[in-house]
Structure formats: C-alpha cells, structure tokens
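Q: Could you walk me through a structure that is new to me?

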Amino acid sequence: MDSFDTLIIGAGQAGKPLALELARAGRTVALVEREHVGGTCINVGCTPTKTMVASARVAYLARRAADFGVRAGAVEMDMVQVVQRKREIVERFRKYGTQTVQRTANLELIYGVARFVSAREVEVALADGGTRRVAAERIVINTGGRPAVPPVPGVNKVPFLDSTSIMEVQEVPRHLVIVGGGYIGLEFAQMFRRFGAAVTVLQRDDRLIPREDADVSQAVHDLLVEDGVRFEFGVAVERFAKAAEGIDVSFTQGGAARTLNASHLLLASGRRPNTEALNLAAAGIAVDTTGYIQVDDTLQTSAAGVYAVGDVKGGPAFTHISYDDYRVLRDRWLHGLDARIGQRLVPNTMFIDPQLGQVGLTETEAKKRGLAVRVAKLPMGSVARALEMSEARGFIKVVVDAQSKQILGATVLGIEGGELMSMLQIAMLGKLPYTVLKEAVFAHPTLAEALNNVFLALDKG
C-alpha cells in the first residue's frame, strides 16, 4: 500500500490547486482523477460554454450590423468550426493544468476511480487496468456533479442532450426544446437561438429564475423573448417519444395536454453529485437525501480527517465557490488560520447577453428578513456608455441598509453585468457606504460611471 500525507479524489477547481499548494509546501500528495484534470469548469462547464456564448454573440452583433451603420451580408453559422474552436480552447486549458500537476514535486497524479475501504484508505480502479491501494492521513473529496436525468417516461428511448453533449452538436437545430429554465437552460436557449435555431423552454415554475426578484425575472424573460426564445410556464413534462421526425415532448399546462415536436431535446433540470462510486458508507461519511456529502463550516465530513469540497458537497455550484473551498483548507492547514465557509459573499453571473450578475441580498430576501432597506435602481438606458454601445437593455439594482448606508446586495442585468456587480461586491467587502460610490470619480465614459448615478435617487428621496 502507498501512503501519502494527503489524498485528493478529483482534480477539479478545488482539488487541483489544493494538491499543488500542499505539494509545494513539502507534503506528499496523491491526486486521483477519473478522466480530465480541471473538473467540470474547464472540461464541460465554464470554459466551453462561455467560448460558445462568445460565438453566439458575434452572430448576434453581425445580424445587428446595420444598427451601427455597417453593411454586412447574411449570417451563416459554421457549427463545425464553433465546436472545433471550443475544443481547442478546452484542450489548451486542460493541457496546461495537467502538465502543471505532472511537473510538481511531491505530487502524484493517478488516473482511475477511487472507492473508500476505510476513512483512511481507498482502492483505485486504475484507468489502464488493475487496482491500487492508497492511504493518507487526510482525504479530500472533489468529485463534483453531473447533469441529472429526470424520471420522465420515455427518457431512455429518445436521443436527449445534456449540458455536455449539446456542446458537440455540429448543426443548427430545427427546433431545440429545453426542459428547465435555470442558468444552464437559459444560457443555451439564447445561444442556440442566436445560432439560428427555433428554441422553446419548458419551465415548471410560473416564472424564470424564481430565486431572483420578480422584476429581475420579468426583465430576463422579456429580453430573451425579444431575442426570439419561446417560453411555456407551469409545465409538467409527462412523456418523451420518438416521432417520425425528431422527438415528441408531451406535457400538461393549466390542465390541458400539449405536445411539441423537437429536432433536439436538452434536459437542463438539475444536477446530481458524483458520490455513488465512492463507497462512502465504508468510511462513515454522511450524505443528504439527494447524495450530497454533508460538511461542517470547515469542510469536514462526518468522518474525522475526511473533507469534501466543490459541487459534491451541495450548496452554490459555482467554480469560484470550489476555488474558495481550496483557500479555506489551504489557510487552515498551511497558515494556521481559522478560515470557514459560512460568512463568504457568494456572487454569481448568468452569461446570457446582457449578463445577469448578483451578489448579497435581493430586495425580496432583505424584506423577508425584516430589514429596513432602501432600493436604488437605474435602467441601462440611462447609462451613457451603454447607449453609445447600443446595449441599453437591463438595469442596475442595489439594496442598501437604510441606517448604515451599507450595500447589502446588488443585481446588474446589463452589458458586462458581471463586471459591474463585482465592483459593487468590492465595495461590500470593504464595507463602504453607498455614498462613497455616489461621489467617486470614475473615468468617462465607462460603465462604472453608472455607480454614481444609481445612488443619486436615494439622496433625492
């Protein structure tokens, strides 16, 4: 049996940097990876999807060329090239990460699938055959998640797509039907509409992204409808079936039975953790009812010395949260700090166009908590730079404490919304009152200037 100081299962956006940091500090580390270094983000998540979002935006701008006084011909998609560009960028990122791991002293990369034998020992079914036993004083689980397949009759009899396989589609779909109106579903909906497909989104709830404020949800809906995406709300999907051409999607809506025919079907109704193969019971590791590993504020599982990081532990499934999990363990183990996950701000950006960035409390959440708040809101149509770019859709919305004037949360639906949201997040981290941003000198003409104007109404009110 091989023994290491630390064993990390999964080379995702928490596992890989943690392995590198520990190894560089002189610890012996084994990093077990089932397939590719980089995890979901690099291989099938952030990197490939945002690469394709960029292609879709170019198509969108090309069709709008006349708005800018530019004459351009008809826009045609080369989906083979779109997919190839995506593959090349993913491979570049993946290759760099893999080589970095392989060149690091004290760190061994083992390709295979790990299962617990005890809380200190795993057996790895090696990718090239055979098995290997590995033991460690500390074990970190970073196995991530995967698209969930809803238990709808007929689902195993039709060629459905998920968030990974849809990025390999090399033709423009005639009609893409998407089940699920969350982040994944909406990003692909707009993307493929811009590629030229007819797109219909089936949403179980009565509005999109229900955890956002109602006005935000409605604005996202309206801009996607403007782009040509169709929505059906209050939907219960009943059955999938092969048709003479494509796939029939049967559902009920308001008590009525309906059927849509799709050339392509994307299931975007959630994700599930990669925990089944781990044999967690052998290590005494507790999971919740959906299979996510339960952790405390220091990321330790119910088994002493075993930790879980990233998507596999549930909670916000964002790359930046996985990376911050790495920082928590790094600071605790190498720097003696009492780092914990409970108090961090959790920003997120949905990469529709314009982007939707959000951090902190929404207006709805603040009022549910009984907080005395004031809300500042500015349409992007009042932002000079947005008008100059002909990108005036959306708005900036900020929630502030009525007494302390601290910023409690921000939502930006607008061009580079994630970047503007991040500026407000920095102010929150620095505990700046909104008045500092209202009076700050920002370069003209920039989107940042909008932070002057969004707060003016609060002082006028």
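Q: What should I know before starting?
A: This is a predicted model, in which local features need pLDDT of at least 70, side-chain atom pairs count only at pLDDT 80 or more, and totals for chains, interfaces and linings use all residues. Residues are numbered from 1 along each chain as its sequence is written, and side-chain values use heavy atoms, with hydrogens and water left out.

Q: Which residues lie nearest the centre of the second largest pocket?
A: They are V53, R57, I352, D353 and Q355, among 15 lining residues. A pocket here is an open set of points on a 1 Å grid over the protein atoms alone, where a 1.4 Å probe fits, with protein on both sides within 12 Å along at least five of seven lines; lining residues have an atom within 4 Å of a point.

Q: Which elements give two or more residues to that lining?
A: Those elements are α3 (46-63) and α5 (183-195), with α3 giving the largest share, 5 residues. Helices are DSSP runs (H or I, at least four residues), numbered from the N terminus.

Q: And by class, what is in the lining?
A: The lining has 7 nonpolar, 2 polar and 6 charged residues.

Q: Changing topic, where is L61 found?
A: L61 is in helix α3. Together with F68 and V70, L61 makes a nonpolar surface patch of about 230 Å².

Q: Is F455 buried or exposed?
A: F455 is buried, because its relative accessible area is 0% (buried means under 20%, with a 1.4 Å probe and protein chains only). F455 lies in the loop between α12 (450-454) and α13 (456-460).

Terms used: Ala, Val, Leu, Ile, Met, Phe, Trp, Tyr, Cys and Pro count as nonpolar, Asp, Glu, Lys and Arg as charged, and the others, Gly among them, as polar. Patches are made of residues with over 30% relative accessible area and no salt bridge: like charges are joined within 9 Å, nonpolar side chains (Val, Leu, Ile, Met, Phe, Trp, Tyr) within 5 Å. Accessible areas come from the Shrake-Rupley method with a 1.4 Å probe; for residues, only the protein chains shown count as cover. A salt bridge is a side-chain nitrogen of Lys or Arg within 4 Å of a carboxyl oxygen of Asp or Glu. Buried means under 20% relative accessible area, exposed over 50%, partly exposed in between (1.4 Å probe, protein chains only).
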